[in-house]
Amino acid sequence: MASIVQPSPTFPALHLRRSSLIRPPSSVRFPLKCNAADPYKFDGGSSAGFHLLTGDTVPASFSRSRLEDSIYQNTTRLRIFSGTANPILAQEISCYLGLELGKIKIKRFADGEIYVQLQESVRGCDVFLVQPTCPPANENLMELLVMIDACRRASAKTITAVIPYFGYARADRKTQGRESIAAKLVANLITQSGADRVLACDLHSGQSMGYFDIPVDHVYGQPVILDYLASKAISSEDLVVVSPDVGGVARARAFAKKLSDAPLAIVDKRRHGHNVAEVMNLIGDVKGKVAIMVDDMIDTAGTISKGAALLHQEGAREVYACTTHAVFSPPAISRLSSGLFQEVIITNTIPLSEQNYFPQLTVLSVANLLGETIWRVHDDCSGAIEPFSTLGID
């Protein structure tokens with residue numbers, strides 16, 4: 001079981017504190033809190049689990065009567081409902097906020113049609129629907145649309161679709177003739193179904209926000225991963241951040257800047273087809289260094305595994321893979337567990353099935369990050385004030 005320790009002093013430029021990710025905003029302190037941001041490590045044959053830690057206590061200057069009034073006034077108009085795609089993450093988010101998940105009935109008829117009924121009133125409430133459009137993407141997407149429609153017809157004040165993983169995000173442009181731009185189509189479906197706002201985590205490309213005709217809050221999973229890496233005893237002089245392809249250079253550069261301004265290397269690859277990658281060469285020096293490969297998602301792991309093999313050939317001492325979304329389509333598990341990686345660090349935006357666990361895997365929770373964002377959206381509060389500037393909320 002992996003554990004989190006305080007950031008290592010070898011990361012002088014990394015000013016991330018665990019309390020900045022688990023503390024509710026200053027306007028209210030909830031008495032019921034959980035810290036679910038600690039990673040749970042899967043060792044071969046052992047059962048999975050994660051630690052619940054106590055959070056910050058209520059300041060003495062914050063009176064109990066004022067606390068209770070704030071809780072009553074702010075939580076009675078905030079509702080969180082979960083679809084069937086990732087109920088564990090939704091439960092962790094509601095736990096962070098000190099709320100209970102809203103009661104909802106979701107079932108499928110014999111022919112596969114989806115039925116949704118809210119089991120409590122949402123009239124005049126700010127409703128947040130937690131539903132990543134992960135595999136099976138079409139099923140989960142349709143379920144989200146029906147949930148949004150149910151809330152709209154129940155007279156919810158606002159409806160926010162919380163989509164930790166936004167499916168179809170890779171189909172964001174036309175690279176060949178007669179192709180569809182499915183990301184725009186999905187954005188239109190979510191908008192037309194009645195959503196007032198979208199909260200997404202690590203979109204595949206930033207331009208996807210422009211496909212929506214409603215506000216989009218785009219948060220990044222980087223703070224959670226950086227906080228974990230800072231706990232590892234790795235000298236900043238030994239680090240190099242690697243982009244697995246040219247398209248991810250901006251993401252890797254931002255990651256390297258926050259990781260003690262580490263040097264950057266780029267893997268140049270040529271793709272001959274969907275889910276097929278061929279590594280050509282390496283730009284940068286990785287000899288004798290600990291390479292941190294950063295990407296937004298791992299699907300079949302072809303790109304990142306071939307990149308790791310190239311890094312070892314160029315003399316890298318260790319290779320870590322860091323990604324927000326673990327799609328893990330076959331044969332990703334066999335590639336990731338082949339010994340190329342010292343550790344594979346992911347987040348729980350997509351739920352993992354039991355057969356996808358392997359010893360090198362570490363899972364970090366983004367529940368506190370999303371929970372903080374949900375509260376700030378509900379409370380009409382900007383995320384530009386430290387220490388929450390890394391949330392990416394405008």
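Student: How many residues apart are Arg-376 and Glu-372 in helix α10?
Tutor: They sit 4 residues apart in helix α10 (residues 367-378), so about one helical turn separates them. Keep in mind that this is a predicted model.

Student: How far apart are the closest N and O atoms of that salt bridge?
Tutor: In the Arg-376 and Glu-372 salt bridge, they are 2.8 Å apart.

Student: Is Arg-376 buried or exposed? And Glu-372, buried or exposed?
Tutor: Arg-376 is buried, at 5% relative accessible area. Glu-372 is buried too, at 1%.

Student: Switching topic. Which residues are joined into one network?
Tutor: Arg-108, Glu-139 and Glu-143, through salt bridges that share partners.

Student: How many salt bridges does the structure hold?
Tutor: It holds 13.

Student: Which residue does Asp-295 form a salt bridge with?
Tutor: Arg-251, with the closest N and O atoms 3.6 Å apart. Asp-295 is in strand β12 (residues 290-298) and Arg-251 in helix α7 (residues 249-258), so the pair ties together parts 44 residues apart in sequence.

Student: Where do those two stand on relative accessibility?
Tutor: Asp-295 counts as buried at 12%. Arg-251 counts as partly exposed at 21%.

Student: What about Asp-149, which residue is its salt-bridge partner?
Tutor: Arg-152, and the closest N and O atoms are 2.7 Å apart.

Methods
Residues are numbered from 1 along each chain as its sequence is written. This is a predicted model: local features need pLDDT of at least 70, side-chain atom pairs count only at pLDDT 80 or more; totals for chains, interfaces and linings use all residues. Side-chain values use heavy atoms; hydrogens and water are left out. A salt bridge is a side-chain nitrogen of Lys or Arg within 4 Å of a carboxyl oxygen of Asp or Glu. Helices (H or I, at least four residues) and strands (E, at least two) are DSSP runs, numbered from the N terminus. Buried means under 20% relative accessible area, exposed over 50%, partly exposed in between (1.4 Å probe, protein chains only).
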